[in-house]
Amino acid sequence: MYILSNANITNAFNGGKSADLLSTGEEDTTRAIFLQGGTVENLFGGSDSSGTVTASHVYIESGNVSNAYGGNNLGGTTISSNVITTGGTIRYIFGGGNQAGVNTNTNVTLSGGNVADNVYGGGNEGTVTGNTYVRVKNSTLNNSLYAGGNGVSAIVYGNTNLIMEGNNNVTNNVFGGGNQAATGTESNNNSKSTVNIVGATVGKNVYGGANTSVVYGTTQTNIGYDAVNDTSLEIGDIEISGTVFGGGEANASGSEVYDFSFISVTKGIDIKIDGNGHTKLSIKGSIFGSGNASSTSGKSYIDIKNYG
């Protein structure tokens with residue numbers, strides 16, 4: 001499906017209202033939705049109220065979108081989802097569905113465009129049974145970036161993964177976890193949140209964990225080309241105006257009541273920072289092997305090289 005410059009649409013679904021959208025596999029993009037202009041309020045890679053979508057693909061090349069979802073809206077299941085932006089202006093991006101879940105993994109790839117508010121690797125209220133993968137390159141985000149979901153029900157049961165490369169600008173915070181949404185479960189306690197940054201300007205803080213929720217397992221925060229150790233990535237300047245926390249944020253924005261007993265990461269925290277090869281790598285705040293007014297039940301490690 002192609003949406004062109006003269007379109008003005010409230011809800012656009014790659015699938016049906018209550019229908020399946022079956023493809024031959026993850027690489028089958030013949031059942032994709034392309035935004036090449038126009039204005040869309042809600043853009044879904046999947047269906048509306050029910051149905052199974054094998055693999056969703058949402059491509060945003062130009063135009064304006066209020067909410068872009070990789071998955072379904074109210075019900076049904078998306079097996080795997082993909083949201084890819086190369087241009088346009090989007091208010092919110094969700095790798096998963098609105099209230100509907102994704103049964104394996106979500107993939108969000110930003111390589112251009114302007115995000116007016118937040119990006120989430122997971123769903124809005126829907127769960128992700130597998131992992132989330134968020135990759136951001138040469139993009140502008142005017143609020144915050146979350147590798148996980150949005151809201152207490154938007155659990156990512158596997159791992160959350162975030163890569164930032166090239167020339168990116170995030171106005172506020174970067175989180176390896178979700179916004180009020182957990183990574184993993186207390187019973188399994190074996191998930192991992194990974195943040196890899198080789199190019200980014202971040203206006204506030206970088207967190208290995210979540211905002212007012214828990215990573216049930218470990219966090220790994222790597223800042224710098226050699227710390228990430230992936231030669232396929234594009235190196236860029238790194239400037240973090242706030243603080244690097246290996247854990248999460250204990251309090252909602254604006255709250256002045258801190259619960260210092262809050263455990264934001266259950267098994268351990270690891271931070272690696274390496275300035276080798278960078279023209280600029282600057283962290284203006286502090287570096288903590290814990291969260292902001294939160295801690296971990298395990299051990300914390302910080303390894304800093306070629307910095308200062």
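Asn306 counts as exposed, at 54% relative accessibility. For the labels used here, buried means under 20% relative accessible area, exposed means over 50%, and partly exposed is in between, with a 1.4 Å probe and protein chains only. Keep in mind that this is a predicted model, where local features need pLDDT of at least 70, side-chain atom pairs count only at pLDDT 80 or more, and totals for chains, interfaces and linings use all residues. Residues are numbered from 1 along each chain as its sequence is written, and side-chain values use heavy atoms, with hydrogens and water left out.

Asn306 sits in the segment after strand 28, and its phi is near 50°, a positive value in a residue other than glycine. Strands, by the way, are DSSP runs (E, at least two residues), just as helices are runs of H or I with at least four, and the numbering goes from the N terminus. Tyr307 is also in the segment after strand 28 (299–305). With a relative accessible area of 31%, Tyr307 is partly exposed.

## Another positive phi

Asn189 is worth a look too: its phi is near 55°, again positive in a residue other than glycine. You'll find Asn189 in the loop between strand 16 (174–175) and strand 17 (191–197). Its relative accessible area is 22%, so Asn189 is partly exposed.

## Strand 3 and its partners

Strand 3 covers residues 33–44 and is mostly tucked away, with 9 of its 12 residues buried. Phe13 has Phe44 in strand 3 as its bridge partner. Strands are said to pair if DSSP finds at least two bridges between them.

Strand 3 also pairs with strand 4 (residues 52–69), in the parallel sense, over 9 bridges. Gln36 stands opposite Ser62 in strand 4. As a reminder for reading the side chains here, in a regular strand they alternate between the two faces of the sheet.

Strand 4 also holds His57. His57 counts as buried because its relative accessibility is 4%. The side chain of His57 makes a polar contact with the side chain of Asn82 at 3.5 Å. A polar contact is a pair of N or O atoms within 3.5 Å; within protein, one must be able to donate a hydrogen and the other to accept it, and residues adjacent in sequence count only if both atoms are side-chain atoms.

## Two nonpolar cores

The largest nonpolar core has 41 residues, and Leu43, Leu145 and Leu162 are those with the most contacts inside it. There's a second, separate core of 10 residues, including Phe13, Tyr69, Phe94 and Tyr120. A core here is a set of buried Ala, Val, Leu, Ile, Met, Phe, Trp, Tyr and Cys residues joined through side-chain atoms within 4.5 Å.

## Salt bridges

The count comes to 4 salt bridges, where a salt bridge is a side-chain nitrogen of Lys or Arg within 4 Å of a carboxyl oxygen of Asp or Glu. One of them joins the side chains of Arg135 and Glu165 (2.8 Å, N to O). That pair links distant parts of the chain, with Arg135 in strand 11 (residues 132–137) and Glu165 in strand 14 (residues 160–165), 30 residues apart. Arg135 is partly exposed at 32% relative accessibility, whereas Glu165 is buried, with a relative accessible area of 3%.

Glu239, Lys280 and Lys284 are linked in a network of salt bridges. Lys280 and Glu239 have their closest N and O atoms 3.0 Å apart. Lys280 lies in the loop between strand 24 (268–274) and strand 25 (281–283), while Glu239 is in strand 21 (residues 238–240), 41 residues apart. The side chains of Glu239 and Lys284 meet at 3.0 Å, N to O. Lys284 is in the loop between strand 25 and strand 26 (287–288), 45 residues from Glu239. As for cover, Glu239 is buried at 17% relative accessible area, Lys280 is partly exposed at 36%, and Lys284 is exposed at 54%.
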